[in-house]
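Please read this briefing alongside the model. It runs by topic, in short points.

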Amino acid sequence: MTAPIGLIDCNNYYVSCERAFDASLIGVPVIVLSNNDGCAIARSAEAKALGIKMGDPLHHLRDLIRQHEIRVRSSNYALYGDMQRRVVAACEAFVRDFEIYSIDEIFLDLAGFEDRDLVDHAHRLRAQVLLWTAIPTCVGIADTKTLAKLANATAKKQHRFGGVVDLRDALLREEVMRVFPAEDVWGIGRATAGKLALLGVTTAAQLRDMPMKQARGVGTVVLERLVAELRGIPANAVEDVEPQRKGMAVTRSFGTPVTTFDALMGALSQYALRAGEKLRQHGLVAGRLTAFFHTNRHKPDRPQYAGSRATTLHPMTSDSLELIAAARRCAERAWRDGYAYTKAGVLLDDLTPVNARPRTLFEGDTDRRDRLMAALDDVNGRFGKFTAVTASQGFRRQWRLRSDMKSPAWTTSLAEVPIVRA
């Protein structure tokens with residue numbers, strides 16, 4: 001008998017984090033915007049009811065925002081990341097172990113709690129999270145991760161369950177799977193959904209009942225494992241060990257168009273600095289770097305140009321200073337005067353674990369630079385990203401992302417901690 005698995009999912013997570021510190025947002029339509037205040041990436045239930053869809057551009061919503069007094073917030077990832085840590089802390093006493101799947105979803109290992117009423121247990125877990133964070137959640141319980149995702153989705157959509165669905169109950173599982181769309185099952189992409197529809201497989205129950213060989217033929221071993229999980233057989237539909245990354249990117253749109261090389265290089269320096277930090281976090285080195293930049297493709301009436309150059313990193317490295325130097329070499333070769341650039345980025349390829357990287361004949365002692373990078377990561381980890389930066393990033397940074405409606409960093413910056421007066 002397999003141990004039960006839970007999935008706790010924070011409802012409208014970004015909006016809920018904003019509401020936790022601003023009670024005026026409760027009960028009114030709220031949207032949270034993507035980087036550079038571009039489009040809606042989180043919507044309250046009230047905003048969804050007004051027809052706002054995920055990814056709607058902000059400039060298309062101006063009239064609707066004025067008409068319905070929709071509250072708008074820029075994304076505040078420092079706050080959302082710290083609130084996730086608090087959600088995890090609230091869950092720890094209720095589970096044997098957990099796996100963070102995304103910023104708003106956590107798989108729960110409920111082994112050892114089978115003798116309890118797990119629905120009641122999940123309700124008490126939800127109450128604990130709400131008490132500690134003010135974030136509402138839903139919980140799905142099942143024998144596999146795929147079924148737990150399905151249970152959680154049902155808990156969100158059907159209010160009669162009170163926020164918790166336990167699909168270990170065979171009758172309830174059958175009832176839910178008969179009406180749950182196959183295209184909404186975790187791991188089913190658009191192309192696979194289309195193939196299944198041609199076979200008449202449109203519900204989770206029909207997908208579960210597919211012959212295993214047929215499932216493999218339609219969607220390779222991935223779909224075969226998913227079908228097994230829908231039958232209650234754990235098949236590791238999600239890899240227990242994260243596969244090695246083959247590429248990495250840091251790209252951003254600019255808050256203000258960039259027209260000078262120094263300003264562009266300031267942005268690329270920051271992106272390369274961040275790329276190096278990400279490499280070191282994952283214990284990797286890169287063998288190739290590409291720097292690119294381009295004008296606004298959505299304004300064809302203005303002069304257009306897209307520049308991109310790549311260079312081999314020899315020796316392979318995760319040193320941010322070396323990545324910045326490589327990005328400069330690429331940018332110098334691709335630069336053209338007379339254009340207003342609106343986006344740039346740094347791409348890293350040919351990634352290899354640092355202990356497996358090929359050594360070069362004339363490679364010197366890297367210990368000193370390794371210690372420098374470790375100190376840089378420590379300073380920025382302790383005091384906030386880009387506390388310590390290179391001079392090439394500059395100080396004015398006109399290219400920084402727009403975040404005109406960003407809430408304070410309530411939980412991570414002493415200067416922005418709310419003041420309560422009695």
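The charged end of K145 sits over the ring of F107, 5.2 Å from the ring centre. For that label, NZ of Lys or CZ of Arg must be within 6 Å of the ring centre and within 35 degrees of the ring normal. This is a predicted model: local features need pLDDT of at least 70, side-chain atom pairs count only at pLDDT 80 or more, and totals for chains, interfaces and linings use all residues. Residues are numbered from 1 along each chain as its sequence is written, and side-chain values use heavy atoms, with hydrogens and water left out.

**Aromatic pairs**

- F107 also pairs with Y101, edge-to-face, at 5.7 Å centre to centre and 65 degrees between the planes.
- Rings of Phe, Tyr and Trp (its six-membered ring) pair if their centres lie within 6.5 Å; planes under 30 degrees apart count as stacked, over 60 as edge-to-face and the rest as tilted.
- F107 is buried, at 3% relative accessible area, whereas Y101 is partly exposed, at 34%.
- Buried means under 20% relative accessible area, exposed means over 50%, and partly exposed lies in between (1.4 Å probe, protein chains only).
- W335 and Y341 form a tilted pair, because their ring centres are 5.1 Å apart and their planes stand at 50 degrees.
- W335 is buried at 13% relative accessibility, and Y341 is buried at 0%.
- Ring pairs link F261, F293, Y305, W335, Y339 and Y341 into a cluster.
- The structure holds 15 aromatic pairs.

**Helix α11 against helix α13**

- The axes of α11 (residues 261-281) and α13 (residues 367-383) come within 11 Å and cross at roughly 100 degrees.
- Helices (H or I, at least four residues) and strands (E, at least two) are DSSP runs, numbered from the N terminus.
- Axes are lines fitted to C-alpha atoms, for helices over the stretch in contact, and angles run from 0 to 180 degrees between N-to-C directions.
- α11 and α13 are therefore roughly perpendicular to each other.
- Angles under 35 degrees count as roughly parallel, over 145 as roughly antiparallel, 65 to 115 as roughly perpendicular and the rest as oblique.
- On α11, the contact uses L273, E277 and R280; on α13, it uses M373, L376, D377 and N380.
- Contact means heavy atoms within 4.5 Å.
- By class, this contact has 3 nonpolar, 1 polar and 3 charged residues.
- Ala, Val, Leu, Ile, Met, Phe, Trp, Tyr, Cys and Pro count as nonpolar, Asp, Glu, Lys and Arg as charged, and the others, Gly among them, as polar.

**Helix α1 and its cover**

- Helix α1 (residues 13-21) is mostly covered, with 7 of its 9 residues buried.
- Y13, Y14, V15, S16, C17, E18 and R19 are the buried residues of α1.
- The cover over them includes strands β1 (5-10), β2 (30-33), β3 (40-43) and β4 (71-74), plus helices α2 (45-49) and α4 (77-91).

- H121 is found in helix α5 (residues 118-133).
- Is H121 buried or exposed? At 3% relative accessibility, H121 counts as buried.
- H121 touches F94, L110, F113 and R116, leaving aside residues up to four places away in sequence.
- D120 and R309 are 189 residues apart in sequence and 58 Å apart in space, C-alpha to C-alpha.

**Backbone points to check**

- Most residues other than glycine have a negative phi, and most peptide bonds are trans.
- A cis peptide bond joins H314 and P315, with omega at about 5 degrees.
- P315 lies in strand β11 (residues 306-317).
- N12 has a positive phi, near 45 degrees.
- N12 is found in the loop between β1 and α1, and N12 is partly exposed at 25%.
- D350 has a positive phi as well, near 55 degrees.
- D350 is found in the loop between β12 (341-349) and β13 (352-353), and D350 is partly exposed at 46%.
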